[in-house]
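Subject: Structure for you to look at

Hello,

Please find the structure below. My notes on it come after, for you to read alongside.

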Amino acid sequence: MSCEVPLLVADHVSRLYGSRIGCANVSFDLYDGEVVSVVGESGSGKSTLLSVLSGSTPATSGRIFYRMRDGNTRDLATLGEAERRLLMRTDWGFVRQDAAEGLRMGVSAGANVGERLIGAGERRYRRIRSEALDWMGRVEIDPMRIDESPQTFSGGMRQRLQIARNLVTRPRLVFMDEPTGGLDVSVQARLLDQIRSLVREFSLSVVIVTHDLAVARLLSDRMIVMRHGIAIESGLTDQVLEDPREPYTQLLVSSMLQV
Amino acid sequence: MTAVRIREATKSFHLHLQGGVTFTALSQLSLDVERGSCVALHGPSGAGKSTLLKMIYGSYRCDSGSILVEDVGGAIDVACATPREIMALRRRTLGYVSQFLRAIPRIGARDLITEEARVAGVEDEIARRRAETLLERLNVPARLWDVAPATFSGGEQQRVNIARGFVVERPVLLLDEPTASLDAANRAAVEDLVMERRRAGAAMLAIMHDVETRDRVADRIVEMRAPNGGGGLHV
């Protein structure tokens, strides 16, 4: 069965900054429709790992494999620049904590969504506009605001627009870096619920970096705990949270707020 | 036919934050559960009843021994299965009804139950109908169906949880105090559900403190005691 071949494979991925470890020897497989959370505190290397996996930072050692849309699994380091750009523009998404980094703040909401479609080769203006409207509706942004700049949007709306922009090309893999960080709790709940249903609807594979174990619990199937750049523990999300093995994981879990 | 076969399952917790204390929760437990049978686990708190259910479900790791659960393609040993194998086993074979509902913000009761069935591959419309039938049988008033259960009473939450656990007809069911906060009428509704699933061939392990419910639905009682006689604590 083709779905049994992983979509993404990290094989002993390391990123060093001189003698300082960004992340070291991280290995895991990600399958279609699976959500893996990478948790840890600031400086644990989780964001470094995400940026290496998504190709924005080169790995110092180790390899990353990805099953392309044609079914062939490729070592990402061997992709040409054009192939890599196409991958990032269409088959991958990246949702950043700061929406201003993931969006183009100088153009309208509709253009933010449409731009990814154009990048994926769509040229029909009407089609682009109707897709943009459709996606704004999906993420619960009033379609009347399609021509407004995201500058006028609230934090939660910007984050939802960023998600629409990423998902409009129907990517198979989405990287998320603290997507709910810095938002009010009620806004966070709404966003989490939307991410959760979109992940299911489109059977997305997701690598999500978060320091919030409750977010990881709600969204992810599996969890990787990082500390000092090393993946110290991993497993089913409920297993890691209910039966943490490492001292540091026990500390993290016991520090989690219970409601 | 044996649906769950446990051999010498052992579980201890090493509590690093409490000075490295090791706590043995379950020692060398062996148990078979046949299809169509409901085994009630009985014993004082600390005897390892919930621990055992969580080990079978894969939420707790197993230190040694084996936990074989009969799946479509043969038995899976949860004690050494990969996360992915356990995820697949849970989707089609292994259900777990805990005492408490883990509510999800903003999602209504009916959708919560429907979604559980959809993830297991049940078609949309059928999933929704099944969810509604269960909510009716469990006497959850229709005005609550579209309300997120976070604000429900304990008994209402528990019934939503039960509906969620029964909406997919899985061949192995683990029940942790499914009737703890229910009144007599709702207890009876749950007993009926359990008996229906048993007659359909499901194997069940249940923790039930209510003696009447236990006598009605279980065909076997297994006594459990804390390892080493006492609280199971040794440093």
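Predicted model: local features only at pLDDT ≥ 70, side-chain atom pairs only at ≥ 80, totals over all residues.

Residues are numbered from 1 along each chain as its sequence is written, chains are lettered from A and ligands numbered from 1 in the order in which they are written, and side-chain values use heavy atoms, with hydrogens and water left out.

Sheets of chain A

Helices (H or I, at least four residues) and strands (E, at least two) are DSSP runs, numbered from the N terminus. Two strands pair if DSSP finds at least two bridges between them.

An open sheet of four strands in chain A has the order S2-S1-S4-S5, with antiparallel pairing. Its edges are S2 (20-30) and S5 (73-75), each of which pairs on one side only. On average, neighbouring strands here are turned by 20° against each other, direction ignored. Angles run from 0 to 180 degrees between N-to-C directions, and axes are lines fitted to C-alpha atoms, for helices over the stretch in contact. Within this sheet, S1 (residues 8-17) and S4 (residues 61-67) of chain A are antiparallel and joined by five bridges; A:Ser14 has A:Ser61 in S4(A) as its bridge partner.

Six strands of chain A form another open sheet, in the order S6-S7-S8-S3-S9-S10, and the pairing is mixed. S6 (92-95) and S10 (230-236) of chain A each have a single partner strand, so one side of each is left without a neighbour in the sheet. Neighbouring strands of this sheet are turned by 15° on average, direction ignored. S3 (residues 35-39) and S8 (residues 205-210) of chain A pair in the parallel sense over five bridges, and A:Val39 is partnered by A:Thr210 in S8(A). Helix H6(A) packs on the sheet and touches S6 and S7 (173-177) of chain A, its direction making about 170° with that of S6(A). Contact means heavy atoms within 4.5 Å.

Helix pair in chain A

H4 (residues 109-119) and H5 (residues 125-138) of chain A pack at about 120°, with their axes 9 Å apart. That angle makes H4(A) oblique to H5(A) (under 35 degrees counts as roughly parallel, over 145 as roughly antiparallel, 65 to 115 as roughly perpendicular and the rest as oblique). Among the residues that meet are A:Val113 and A:Leu117 in H4(A) and A:Ile128 and A:Trp135 in H5(A).

Two positive phi values

A:Asn25 is not a glycine, yet its phi is positive, at about 55°; this residue is found in S2 of chain A. A:Glu140 also has a positive phi, near 60°, and lies in the loop between H5 and H6 (155-167) of chain A.

Chain B and the interface

In chain B, S1 (residues 2-15) and S4 (residues 64-71) run antiparallel and are joined by five bridges. S4(B) and S5(B) form a hairpin with two residues between them.

Chain A gives 31 residues to the contact and chain B gives 24 residues. The area buried between them is about 2,300 Å², with 49% from carbon and sulfur atoms; buried area is the accessible area (1.4 Å probe) that two parts lose on being put together, summed over both. A:Leu236, A:Glu242 and A:Asp243 supply 23% of the area that chain A buries against chain B, more than any other three residues.

Regards
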